[in-house]
Amino acid sequence: MLEERENKEPAMNPFQKNESKETLFSPVSTEEVPPQPLSLPKKPTPKICGSNYPLSIAFIVVNEFCERFSYYGMKAVLTLYFLYFLHWNEDTSTSIYHAFSSLCYFTPILGAAIADSWLGKFKVLSLVGLSLIALGTGGIKPCVAAFGGDQFEEKHAEERTRYFSVFYLSINAGSLISTFITPMLRGDVQCFGEDCYALAFGVPGLLMVIALVVFAMGSKIYRKPPPEGNIVTQVVKCIWFAISNRFNNRSGDFPKRQHWLDWAAEKYPKQLIMDVKALTRVLFLYIPLPMFWALLDQQGSRWTLQATRMNGNLGVFVLQPDQMQVLNPLLVLIFIPLFDLVIYRLVSKCGINLSSLRKMAVGMILASLAFAVAAAVEIKINRMTPPQPGPQEIFLRVLNLADDEVKVTVLGDENNTLLEESIRSFQKMPHYAQLHLKTKSQDSHFYLKYHNLSVYTKHPVEEKNWYSLIIREDGKNISSIMVKDEENKTTNGMTAVRFVNTLHKKVNISLAADISLSVGEDYGVSAYTTVQSGEYPAVHCRTEDKDFSLNMGLLDFGTTYLFVITNSTNQDPQAWKMKDIPANKLSIAWQLPQYALVTAGEVMFSVTGLEFSYSQAPSSMKSVLQAAWLLTVAVGNIIVLVVAQFSGLVQWAEFILFSCLLLVVCLIFSIMGYYYVPVKPEDLQKPADKQIPHTQGNMINLETKKTKL
């Protein structure tokens, strides 16, 4: 749908002088931009191996690699950190993840304002951006891409175009390595008996220090265009003055003007007005873009959570759920040269003009298809996993650890029978029983019949939870304890174990060299502990007076086990084994198609968008427009946050919702792109020939002069 008029976006001359050679306005306001002193000619910047690429971009690209390693490495483990370390639920973990991502993309507005109006891009990167990681990302993101573009001379526009691809490659190279390594640091290394999140966050912090050192090394060879005044404030004031001036002079006595921003000509320089026109035209085109980022950024949240319910054992190696994100940067590194050198050229030879906006529209369609595939995978997972307790429901399992059969009757608040079953000693229950409640929380009454003995007890329960009722023998009597399984159950796709100790002494268990736990005496229940899958024929255990070994047998990947430590006559204690959660059956490889589609969409959308934003930016507002591009990412993350908190949809339906929304947005974007005319260099450099006529009323009179510079 996008026409030939949008054939090619020209590159802009960076930081051109904002003065006209024909006409100077003499505004009454004192807010016009002060003239800048003439600069002396500079020596040619050193090049890389005799090419037209400035040597300075090598430092910028390496710095970006280290900074992105830090950022994406930290984000890779963030969702699982919320879920398993802080014990937040999936919706809360998703919401906080995207709230953090949104904040990281909101701060570039502040960073761009500081860069363009005060410190300049170089100082924001080195002094602010790399000092504070929280606010620093706002200093880095709007500056680093544009700062690299500033290193090129205008006659090397083709090399600058390829620089943006290399720049994006460095981003994804850092992301590729970090998203593979940091989950290993988290899961394969134990800190205080748990996943080592301290190490997983510490290594990215070290890379930020390296990024600072590398960037500072190139300080003397950077081209550092000076800041051009408080651009953000000037833009806002210019727009406000144009609107108010038009409103105050809305009668038919005043001649119409070609553009609504021309009503600011009485107060602001013509070049600034032209820059703001170009800026507002691009910003209008940005309105539909957040929906694309809403889908793309769910790789680290919803898609990672989907991977926790899949089997990561690929035979040769085992992928942890958060390591699946490594596919995105890996495929980006493959797709960028593939698209640039093969696909785009083949499309061009077929006579199809695949302009920037068309590429972005195709990228949206591919991302939409990716979420349709994700929805299909989610439906397949749901068919292969046990059902979840719904509102006013609980799942209950009875473990009879007595030496004989026990008849269990469960009654509700109104003495209605919820469950009645006879359970043999150490009988392995194949599944949980589903019980319906009258309210969200209530007392469940249990009648236990053991030999000729009847025991009554009650336990409080809450909806949407799993419970295990453990019946134990106490001399000639029996008693029961209720264990809430939901708080301890692991769904991160790894193998996990927990223990019930029937001995009268505390047991210390060594599952591996760096994994140990203690289980209290007299039916103490441990929390779940994640271990590597495999054979465990002799697990060392110790009480206060003896050592012994437990044969735990084969532990399958993705399965959760319960072991009951019991005393055996004339033998060492033994472990009774049963499965809490069956193994994940659907391979994690089923996520590959959705990652391939969304990454192809990202290459066509994001790489193109970076170049498009730079080429359409007025010379004084490149960082502002870059920040506006990043602001669309922030808004996209807010969309995910709102949907996660308030939609109430099951996961597959949520994926379908996002897919359909992006298709609608793609149609709107295509219509907008059809009418968009790219900005040309002369449109920003050559002043308008027509003079703004003298006006009356509330408008400020103009004095025009013919002059020579």
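Modeller: Of the 709 residues in the protein chain, 53% are buried, where buried means under 20% relative accessible area, exposed over 50%, and partly exposed in between, with a 1.4 Å probe and protein chains only. This is a predicted model, in which local features need pLDDT of at least 70 and side-chain atom pairs count only at pLDDT 80 or more, while totals for chains, interfaces and linings use all residues. Residues are numbered from 1 along each chain as its sequence is written, and side-chain values use heavy atoms, with hydrogens and water left out. The pLDDT, which is the predictor's confidence in each residue from 0 to 100, averages 77 over the protein chain, and 78% of the residues score at least 70. Over residues 686-709, however, the pLDDT is below 50.

The protein chain has 18 helices and 23 strands, which are DSSP runs numbered from the N terminus (helices H or I, at least four residues; strands E, at least two). Q427 counts as buried because its relative accessibility is 16%. Its side chain reaches the backbone nitrogen of R424 at 2.8 Å. If neighbours within four places in sequence are left aside, Q427 is in contact (heavy atoms within 4.5 Å) with S422 and W576. Across the protein chain, 73% of the contacts with a separation of 6 or more are between residues 24 or more positions apart.

Methods: Polar contact = N/O pair within 3.5 Å; in protein donor to acceptor, adjacent residues only side chain to side chain.
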